[in-house]
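Open the model in your viewer and follow along.

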Amino acid sequence: MLYLVGLGLSDETDITVKGLEIVKKASRVYLEAYTSILLVEKEILEKYYGREVILADREMVESSSDDILHDAQNVDVAFLVVGDPFGATTHTDLVLRARTLQIPIQTIPNASIMSAIGSTGLQLYNFGQTVSMVFFTETWKPASFHDRIRENRDIGLHTLVLLDIKVKEQSLENMARGRMIYEPPRYMTVGQCAQQMLEVEEIKSAEGEGAGVYGPESLAVGAARVGGRTEKFVSGTLKELCDADDVLGGPLHSLVLLGRRTHELESECSAGAYATMLSTAILPLLWILHSSIAFAKRGTNVAVFIVMCITNTYPGIGFICLPKRTPNSRWRLTFSALLDLWLTKLRRTPATDGGRVMG
Ligand SMILES: C[S@@+](CC[C@H](N)C(=O)[O-])C[C@H]1O[C@@H](n2cnc3c(N)ncnc32)[C@H](O)[C@@H]1O
């Protein structure tokens with residue numbers, strides 16, 4: 001049997017119980033490692049699964065699939081795919097080859113970026129066609145994604161843009177000379193994607209054809225490491241997202257271009273996010289103001305407490321100033337209630353938990 005096992009989006013613990021049982025008992029286990037990546041190394045997977053995992057690069061899957069399928073009529077072979085095996089990755093060739101060899105196939109689904117992107121607060125019902133953005137070169141700037149976005153936006157739908165990753169790729173020169181030298185891995189960022197999207201709009205506009213699908217002021221959401229402990233979301237205009245990479249951090253990234261029709265609940269999510277920003281920024285400022293007045297009135301020393309609020313994904317710093325002699329029990333109660341409210345708001349806001357609202 002050939003098992004296509006989804007691994008989920010983040011780390012070794014995202015595999016399903018059913019998937020793990022298959023991995024433990026299979027004769028061979030392959031990890032497809034070029035259409036997406038987990039946020040942990042292969043060795044961590046091996047330790048958790050308690051067995052060896054064979055890395056299957058593009059070359060192996062596309063040119064040596066018979067090695068993967070060897071004897072799978074008689075023994076179990078597990079082929080691990082990050083996310084869901086059929087979420088924006090199909091491996092149709094491998095499946096068709098297995099069918100030709102009369103190897104039974106079973107799929108073990110898991111979370112995919114196609115569904116997890118719902119954690120932005122945008123409703124999956126309101127998404128149109130998903131598009132892919134590849135790394136542009138000086139001479140190659142494929143723009144077919146632009147037409148798909150136009151179709152989506154014409155009927156008001158959001159567009160999920162999946163970003164190029166280059167793992168174990170040869171440079172054109174090394175490929176031409178037949179040298180098996182590979183470039184370091186590259187993962188496209190939200191900033192690069194937003195820049196390329198705007199570049200294509202400019203090209204279309206200069207050519208006088210098909211421009212005006214979106215522009216620098218169009219709203220979008222950048223998403224990083226969705227499903228992981230350090231996931232981040234940043235919303236803003238495309239122009240703002242060009243500079244959002246520092247906030248978003250490491251790979252993997254995806255971008256959602258908002259449709260013209262946004263459900264009121266989606267807007268409410270953003271409003272909640274805005275409230276979070278207000279509470280993080282304004283509450284500490286009010287305390288500083290209040291304490292400064294108290295300081296001025298009473299002439300007492302001011303004790304400064306730096307509160308490092310490390311929530312699941314968000315590091316926030318508040319400077320709370322309290323007059324030295326005033327914190328009696330009523331003060332302390334009020335202070336802790338407000339701090340609690342502030343932290344609760346940080347943790348509960350789904351659209352930007354760990355992120356930043358830019359506009
Ligand atoms: C070809 S798709 C693979 C999808 C995978 N099979 C799945 O079901 O999620 C790979 C692209 O999806 C996006 N992606 C995958 N996982 C992600 C994550 N955890 N956070 C953000 N984007 C992600 C990135 O743009 C990445 O380059």
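Predicted model: local features only at pLDDT ≥ 70, side-chain atom pairs only at ≥ 80, totals over all residues.

**The whole chain.** Switch to a cartoon view. You will find 13 helices and 15 strands. The chain has 359 residues, and 45% of them count as buried. Now think about contacts between residues at least 6 apart in sequence: 72% of these join residues at least 24 apart.

Where does it sit? Two elements each give two or more residues to the shell around it: strand 7 (159-163) and strand 12 (253-257). Colour both strands to pick them out.

**The surrounding residues.** Show side chains around the ligand. There are 19 residues here, and those that come nearest are Thr89, Ser112, Leu163, His253 and Ser254.

**Polar atoms, one by one.**
- Select Ser112. One of its polar side-chain atoms is 2.7 Å from an oxygen atom of the ligand.
- Move to Ile113. Here a backbone N or O atom lies 2.9 Å from an oxygen atom of the ligand.
- Go on to Ser254. A polar side-chain atom of this residue is 2.8 Å from a nitrogen atom of the ligand.

**Last stop.** Show the ligand's surface with the protein around it. On its own, the ligand has 570 Å² of accessible area, and the protein covers 95% of that.

Notes: Residues numbered from 1 in each chain as written. Heavy atoms only, no water. Helix = DSSP H or I, 4+ residues; strand = E, 2+ residues; numbered from the N terminus. Buried < 20%, exposed > 50% of the residue type's maximum accessible area, 1.4 Å probe, protein only. Contact = heavy atoms within 4.5 Å. Near = heavy atom within 4 Å. Polar contact = N/O pair within 3.5 Å; in protein donor to acceptor, adjacent residues only side chain to side chain. Areas by Shrake-Rupley, 256 points an atom, 1.4 Å probe, with all protein chains shown as cover.
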